[in-house]
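Look at the model first.

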Amino acid sequence: TPRHATPSIPSRSLPARQPANVLEEARERLHVSSVPESLPCREQEFQDIYSFVESRIIDGTGGCMYISGVPGTGKTATVHEVMRCLQRAADEDEIPPFHFIEINGMKMTDPHQAYVQVLQKLTGQKATADHAAALLEKRFDNPAPRKETTVLLVDELDLLWTRKQNVMYNLFDWPTRRHARLVVLTIANTMDLPERIMINRVASRLGLTRMSFQPYSFKQLQQIIMSRLNKAKAFEEDALQLVSRKVAALSGDARRCLDICRRATEICEHSATGLVGMSHVMEALNEMFSSSYIMAIKCASVQEQLFLRAVIAEFRRLGLEEATFQQVFVQHQALCRVEGLKPISVSEGLAVCQRLGACRLLLLEPSHLGVMQRIRLNVSQDDVLYALKAD
Amino acid sequence: MSKRKVKNDHMPVGECITQVQKILRERLCHQQLPQKLVGVEAQHKHLLELLKRTAIHGESNSVLIVGPRGAGKTMLLKCVLRDLLEEKEVQKNLLQVYLNGLLQTDDRIALKEITRQLHLENVVGDRVFGSFAENLAFLLDALKKGDRSSSCPVLFILDEFDLFAHHKNQTLLYNLFDVSQSAQAPIAVVGLTCRLDVLELLEKRVKSRFSHRQIHLLSSLTFSQYLDQVQAQLSLAHDFPDTKFAEDWNAGIKTLCEDKSVEEVLQKHFNSSKDFRSKHMLLMLCLSRVSVANPAIKPADVLEASRLCLADAKANMLHGLSILELCLIIAMKHLNDIYEGEPFNLQMVHNEFKKFLQRKSNSMYNYDQPVVMKAFEHLQQLELIRPVDGSLAKTQREYQLMRLMLDHSQIMESLQKYPQCPTDVKQWAMSAFG
């Protein structure tokens with residue numbers, strides 16, 4: 001058995017090609033992975049976290065902090081930046097040296113794996129979850145000379161929830177020990193997570209040092225893109241504004257904003273004009289935000305469209321939003337006659353119904369119910385009527 | 001030399017037919033890739049460019065291909081990969097990982113499969129060592145060590161993507177998308193799904209990491225294009241060994257597609273669905289009637305094949321029932337008419353049947369209760385009737401409430417075709433309210 005396998009991906013035989021023109025360069029910079037040295041628009045949050053961690057490191061005490069915010073607002077990136085700056089300060093002997101380790105709830109198969117990962121990142125030891133918990137307990141409980149402060153970043157905290165909540169309890173209890181010298185930074189999406197899922201003794205140990213990241217406003221999003229592009233002239237001013245306004249109105253997610261810009265550069269490349277303009281951005285926005293249901297209905301076959309019309313007709317007749325296949329099928333046959341098509345058999349009708357159900361235009365009961373299965377629409381009736389009327 | 005050529009040009013008919021069957025079956029059943037995709041050029045270009053950027057520039061991407069079943073999603077992807085791998089720069093620099101939501105039903109199996117297909121160092125032969133947690137950590141470490149310019153790009157293909165969204169916590173999807181959005185080994189995640197609402201299945205943090213690129217495969221095929229496709233699909237290529245036969249065959253196909261009755265049949269199929277698979281099914285049924293005695297597809301073959309495709313399954317089942325069972329079905333139909341679809345039990349059905357018998361002078365169908373019961377149970381086994389609730393044990397079988405799983409049109413239709421149906425039974429079925 002391979003005991004000392006080193007994790008690695010094979011390397012490529014030819015090196016990757018470097019960007020050749022402005023658009024390609026812009027695309028590389030706009031990729032979400034190319035995080036800039038300093039994040040724009042998060043100076044205040046940066047300062048708060050920095051001073052919190054710095055003071056704990058200098059005092060040699062421990063503490064907890066809870067950071068919340070919707071996805072794509074720069075939580076993890078800001079914490080990483082803080083740690084980079086502190087590391088630099090430690091290297092220059094401005095503050096005492098410290099350890100930084102990070103775990104992510106989503107990157108574990110089970111909440112108890114948190115112990116294993118923390119232990120492995122602290123000491124390089126491998127152990128089972130229970131053993132690792134005991135070792136960590138001992139480490140944080142006992143005084144040791146020349147102990148460094150440890151900064152632990154726990155991402156996606158809500159996934160560490162267990163029924164007895166012992167993982168969370170331990171994570172928040174260790175910093176309160178006298179000799180632990182542990183700073184725990186926790187990140188999650190919802191603001192009221194401590195009140196909602198934690199029992200009192202866990203929530204009280206987490207403490208009240210909290211910070212929430214607001215969604216980006218359109219000005220901030222614009223600034224983020226500008227700073228990423230860094231003088232590379234690839235976008236028109238108005239195009240950027242449109243993207244940032246659209247995204248800010250929907251979610252304020254910076255990832256979305258960057259993805260749309262990147263898609264716009266691709267569209268621009270096809271049309272072979274120099275700058276990414278309004279039309280390209282509009283097209284990218286449409287591609288990413290528009291719902292495809294209407295297009296799907298328009299492209300459906302004649303019988304499928306007829307079936308949707310039959311569903312709506314039956315809903316109107318019943319005054320309900322639900323009907324059995326049998327009822328709809330009667331309407332369908334009538335519509336077939338009106339349209340001058342040959343009526344289809346029940347088997348065929350069921351096949352049409354299943355096809356619509358498979359792409360989730362309809363919501364169906366399990367198919368073994370046959371003609372008795374109940375049908376509901378997954379789109380609004382207006383959408384269906386609009387799609388069927390347009391042509 | 002010339003002798004051989006002559007021999008090549010005129011093979012015996014039997015051999016030609018074997019060749020035709022082989023070539024066309026390859027095309028229809030094995031989903032052979034076409035030389036050129038028709039109608040989806042834009043989607044092809046988009047996907048090809050995207051994967052090319054991953055393979056050549058090391059840019060990480062994620063994309064979903066969405067389209068109804070049988071719309072050619074896998075074919076599009078395969079065509080793109082074929083075109084992509086023709087480039088020398090790509091050939092040695094791309095690792096591919098295929099996952100299918102139907103096979104990799106949870107993250108544990110999926111992770112093992114990924115590790116195995118990537119040949120990471122904890123794989124010996126075909127076995128993957130380590131626990132689930134270790135495998136995940138190992139894979140993530142491996143991906144984290146890579147970087148954009150020097151490590152091999154990995155292409156993850158997730159077929160039946162929507163099933164991956166049902167895994168616990170969506171761990172696998174989160175990690176794949178997270179890698180594609182951070183400075184680690186370059187990966188491209190391509191998902192294939194037929195659900196239009198697939199993004200609503202994703203958790204918020206997973207959704208935020210997905211790049212929201214969707215390639216929709218919705219066919220806006222017209223009937224004339226459909227006809228052309230049928231013709232192209234049945235025609236033989238120029239490299240068929242016997243040129244004379246190929247010419248005759250192609251001419252035959254051309255006249256076949258221009259035939260009015262064939263066109264009508266194809267129109268009917270086109271109206272009911274536009275997907276490739278049902279078309280292939282129809283053509284396959286036509287092809288299977290070609291033999292030495294019948295060396296070309298005739299309009300009659302197409303009509304017969306279409307009849308097979310469109311036959312109503314339940315009505316066919318009714319043809320195989322005995323008279324007593326048929327009478328019970330008719331009694332149920334009347335009960336449904338009288339009580340407007342309320343469920344019934346065996347006693348009610350039997351009473352209804354007895355009422356019919358009373359009105360008749362001769363009692364040819366005067367069966368005992370156990371015989372009727374047996375027939376009733378047979379109908380239940382065929383799933384022509386269904387218990388209303390699943391509790392089979394609680395109530396006695398005679399009093400268990402049932403529903404009829406047939407449409408009335410099916411009953412009437414199959415009565416017309418029932419071999420030697422007694423006239424009085426037919427009349428009883430026609431008469432309103434028993």
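Q: What is the volume of the second largest pocket?
A: The second largest pocket has about 1300 Å³. A volume is the space filled by probe spheres set on the grid points, which are joined across faces, edges and corners. The model is predicted: local features need pLDDT of at least 70, side-chain atom pairs count only at pLDDT 80 or more, and totals for chains, interfaces and linings use all residues. Residues are numbered from 1 along each chain as its sequence is written, chains are lettered from A and ligands numbered from 1 in the order written, and side-chain values use heavy atoms, without hydrogens and water.

Q: What makes a residue part of the lining of a pocket?
A: A lining residue has an atom within 4 Å of a pocket point; a pocket is an open set on a 1 Å grid over the protein atoms alone, with protein on both sides within 12 Å along at least five of seven lines. The second largest pocket is lined by 48 residues, with B:Val38 and B:Phe276 among those nearest its centre. The largest share, 6 residues, comes from α11(B).

Q: How do you know that β5 and β6 of chain B pair?
A: Pairing needs at least two DSSP bridges between two strands. β5 and β6 of chain B have 5 bridges, so they pair, and they run parallel. B:Ile157 stands opposite B:Val190 in β6(B).

Q: Why are β2 and β7 of chain B called edge strands?
A: The open sheet has the order β2-β5-β6-β1-β7 (chain B). β2 and β7 of chain B each have a single partner strand, so one side of each lacks a neighbour in the sheet.

Conventions
1 Å grid on protein atoms, 1.4 Å probe; cavity = no way out; pocket = protein on both sides within 12 Å on 5 of 7 lines; lining within 4 Å. Helix = DSSP H or I, 4+ residues; strand = E, 2+ residues; numbered from the N terminus.
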